[in-house]
Amino acid sequence: MKIEKQQIASLNKSKKAEHTVQLDFALNQLNSKGIDGHAIIQKIKDFQVAIPSWALGAGGTRFGRFSYGGEPSNLHEKLDDIGILHALTNTAGSVSLHIPWDTPEDYDATKQIAASHNITFDAVNSNTFQDQKDAKLSYKFGSLSNSEDAIRNQAIQHNIEVAKIGEKLGSKSLTVWLADGATFPGQSNFQKALQNTENSLKEIYKELPLDWRMFIEYKPYEPNFYSTVIQDWGTSLMLANSCGDRAFCLVDLGHHLPNTNIEQIVATLMLKGKLGGFHFNDSKYGDDDLTVGAIKPYALFLIFNELVYGMANNANNPDLAWMIDASHNIKDPLEDLIQSLEAILIAYAQALLVDQDTLRAAQQDHDVVKCQEILQDAYRTDVRPLLKESRLQADAAIDPLAVYRDLNVRENLINKRGNDSIASGL
Ligand code: LRH
Ligand code: MN
């Protein structure tokens, strides 16, 4: 299913008058503070987020999975669905593939379909947390950290192969997340596991094309429940430093123990020029992979406040890879992703409103109350008219969710694909 610009334009008509009033108010409000709202609208338009190829169907847990109907059952249908998201939001301009869940069968056809939707290929993800049906050796007790040479080598070769697949599609980065760890005390030798992992990552790194980056994603637990080899940002940073200048840390928002100050981690990694990118999602307890901004929108704003400061002050940190990593247990996957894209743009736009110079001066004066007032004034500013205008200017939907429902997209997908089609992924 392809959504045409004129379908969106005709549905935008009924919302234009109200939008114009809200936009004028927002621009005047910003103007009175010396802020150029049009410059922020342009930055919002330029902000593109990669959609995970593994999150276009219904997710599930060990307790069950509730299918959603009309799910994409192959890579090309997944690209079509991301095309729907991009047509409606103008923000879903790339895809992050997970291999082997989404290994292309016909590279030219895959690239053509992606191009037809103006979608590019962001980071490719390796998978050494599951055994593939034709696998010779098992990753049950680890992959890059495994005590057995042959298993480590199998995992190293897989990562090198994944990068080759990405190279054929125009991707420029490899994301490595390892489930490696232990579920019981005494099960593994921490030092050997970490040393094996470091050596393995270096083997992979040196095989990457010279214009590629490697993202090392950390996670404190799950599927191992006692220890994880790459458990936190410090371990990821240490490994990225030992690999080289093109290795960076990847921050998945759900991969932190409760109440971790993620914005401070972001500031630290940007100061060191080692922040590579994000997997955006939200969570209440563990790696819940919920809709971005659904649980802790203020925390997301504080993270973007550090990102905006870092993007202005840390020239040593490369452009960041913005990706979503979510799983949809009860929501329509496409509606869930539309909400996540909106939450990311809202947090970014609000962070752009923070008067960094006045904040710096208040910090210098230890005027703690004023510091909070400056942040919360930005956070309490309704930036949604700016988002709507950024979409309207890009021939996308003023209200993507409303257009998605008005066009009965899910019903159309079910009519075309049936109720039982299942998308590969989590
Ligand atoms: C691990 C993770 C990782 C992906 C997987 C799908 O929890 O966040 O980024 O490989 O989810
Ligand atoms: Mn992730």
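1. Helices here are DSSP runs of H or I with at least four residues, strands are E runs of at least two, and both are numbered from the N terminus. Glutamine 376 sits in helix α12, residues 368-379. The model is predicted: local features need pLDDT of at least 70, side-chain atom pairs count only at pLDDT 80 or more, and totals for chains, interfaces and linings use all residues. Residues are numbered from 1 along each chain as its sequence is written, chains are lettered from A and ligands numbered from 1 in the order written, and side-chain values use heavy atoms, without hydrogens or water.

2. Glutamine 376 is buried at 14% relative accessible area (buried is under 20%, exposed over 50%, partly exposed in between; 1.4 Å probe, protein chains only). Its side chain makes a polar contact of 3.4 Å with the side chain of tyrosine 298. A polar contact is a pair of N or O atoms within 3.5 Å; within protein, one must be able to donate a hydrogen and the other to accept it, and residues adjacent in sequence count only if both atoms are side-chain atoms.

3. Ligand 1 is surrounded by residues including Trp54, Trp177, Glu217 and Lys219. Oxygen atoms of ligand 1 come to 2.7 Å from a side-chain N or O atom of aspartate 325, 3.1 Å from a polar side-chain atom of aspartate 287 and 3.2 Å from a side-chain N or O atom of histidine 279. Taken alone, ligand 1 exposes 300 Å², and the protein buries 97% of that (Shrake-Rupley areas, 1.4 Å probe; for residues, only the protein chains shown count as cover).

4. Phenylalanine 225 is exposed, at 55% relative accessible area. Its loop runs between β7 (213-217) and β8 (227-228).

Note on methods: A residue is near a molecule or strand if one of its heavy atoms lies within 4 Å of it.
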